[in-house]
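Here is the note you asked for on this model. Please read it with the coordinates open.

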Amino acid sequence: MCLVELYGTYLLTSDLQFGFKKGLGCSHALLTVRSIVYYFTNHGSNVNLCALDMSKAFDKVNHYALFNKLMDRSIPREFLCILMSWYSISAAYVRWDNMLSDMIVLACGVRQGDVLLPILFAVYVNDIIEKQRRSNHGCRIGELFLGCIMCADDLILISASLCDLQSMISICSEELKSLDMTVNVNKPQVMRIGPSFCIVCKTISVNGVLINYVEKLKYLRSCVCQVC
């Protein structure tokens with residue numbers, strides 16, 4: 001908590017990340033997605049949604065990649081040294097009935113229950129949103145980019161073009177690969193909403209695996225339904 005108080009300004013993330021922020025949460029992310037869909041469909045456009053699932057995201061945080069992300073933000077040296085010290089000695093035990101395992105060194109992942117856990121994770125994945133913003137793909141209202149909404153590790157991409165949506169998925173895959181993470185290829189879903197939602201002109205894939213088109217898309221334990 002002291003570190004957050006002292007260095008919190010170095011740990012700010014995109015406004016499109018709704019997780020781990022005071023006064024924001026799943027309901028705000030869902031409202032944003034629905035408002036974007038409503039705006040574009042009411043202006044006669046189709047909207048394509050793709051929900052992606054990061055495989056075991058919190059457990060696969062690469063410490064060195066995290067430190068690099070922090071150094072890119074010019075984080076003060078003393079803060080970085082503290083984190084490096086903490087994570088270099090992270091360990092765990094497994095208890096089974098009355099038996100206790102040997103110590104297991106935790107070589108990756110963020111510390112469970114740590115006050116800094118959610119903030120560091122948001123910093124770790126923030127470039128997914130920023131690279132989408134700079135790509136010129138995805139839904140925009142004027143200069144405002146609204147094509148990538150995150151709530152913790154739950155991610156949804158929004159685009160009026162299926163070709164752009166495929167490019168956005170590729171950007172996600174490349175960024176996750178650089179973070180030593182992957183997309184769970186068994187869970188992605190694509191849904192089309194709008195005047196001609198039933199016309200599908202392009203297949204969508206992630207890491208070479210085709211993504212199914214659905215009539216109900218699950219996001220943040222809620223369902224977004226397909227309507228004409």
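1. Basis. This is a predicted model, in which local features need pLDDT of at least 70 and side-chain atom pairs count only at pLDDT 80 or more, while totals for chains, interfaces and linings use all residues. Numbering starts from 1 along each chain as its sequence is written, and side-chain values use heavy atoms, with hydrogens and water left out.

2. Overall dimensions. Along the principal axes, the C-alpha trace spans about 60 × 40 × 30 Å.

3. Surface and contacts. The chain exposes about 12,500 Å², with carbon and sulfur atoms supplying 56% of it; areas come from the Shrake-Rupley method with a 1.4 Å probe, and for residues only the protein chains shown count as cover. Of the 228 residues, 47% count as buried. Buried means under 20% relative accessible area, exposed over 50%, and partly exposed in between (1.4 Å probe, protein chains only). Among contacts (heavy atoms within 4.5 Å) between residues at least 6 apart in sequence, 70% join residues at least 24 apart.

4. The protein chain holds six helices and 15 strands. These are DSSP runs numbered from the N terminus: helices are H or I with at least four residues, strands E with at least two. Two strands pair if DSSP finds at least two bridges between them.

5. The β8/β9 hairpin. Strand β8 (residues 148–151) runs antiparallel to strand β9 (residues 154–159), and four bridges join the two. Met150 has Leu155 in β9 as its bridge partner. Two residues separate the strands of this hairpin, and Ala152 in the turn has a positive phi of about 60°. Which residues of β8 are buried on each face? Cys148 and Met150 are buried on one side, Ile149 and Cys151 on the other, leaving both faces covered. In a regular strand the side chains alternate between the two faces of the sheet.

6. Strand β1 and Asp53. Further along the sheet, β1 pairs with strand β10 (residues 189–193) in the antiparallel sense over five bridges. Asn48 stands opposite Arg192 in β10. Asp53 also belongs to strand β1 (residues 47–53), and is buried at a relative accessible area of 19%. Leaving aside neighbours within four places in sequence, Asp53 is in contact with Thr182, Val183, Asn184 and Lys187.

7. Nonpolar core. The largest nonpolar core has 68 residues, and those with the most contacts inside it are Leu49, Met54, Leu70, Ile149, Leu157 and Tyr219. Helix α5 (residues 117–135) supplies the largest share of this core, eight residues. A core here is a set of buried Ala, Val, Leu, Ile, Met, Phe, Trp, Tyr and Cys residues joined through side-chain atoms within 4.5 Å. Not counting residues up to four places away in sequence, Tyr219 touches several residues, among them Ala29, Val33, Ile149, Cys151 and Leu155.

8. Cysteines. How many disulfides are there? The count is zero, where a disulfide is a pair of cysteine sulfur atoms within 2.5 Å. The closest cysteine sulfur to that of Cys151 is in Cys26, at 3.9 Å, too far for a bond. Cys151 is buried at 5% relative accessibility, whereas Cys108 is partly exposed at 41%.

9. Positive phi in loops. Phe20 is not a glycine, yet its phi is positive, near 65°. Phe20 sits in the loop between α1 (2–7) and α2 (26–42) and is partly exposed, with a relative accessible area of 37%. Asn207 likewise has a positive phi, of about 55°. Asn207 lies in the loop between β11 (205–206) and β12 (209–210) and is exposed, at 51%.
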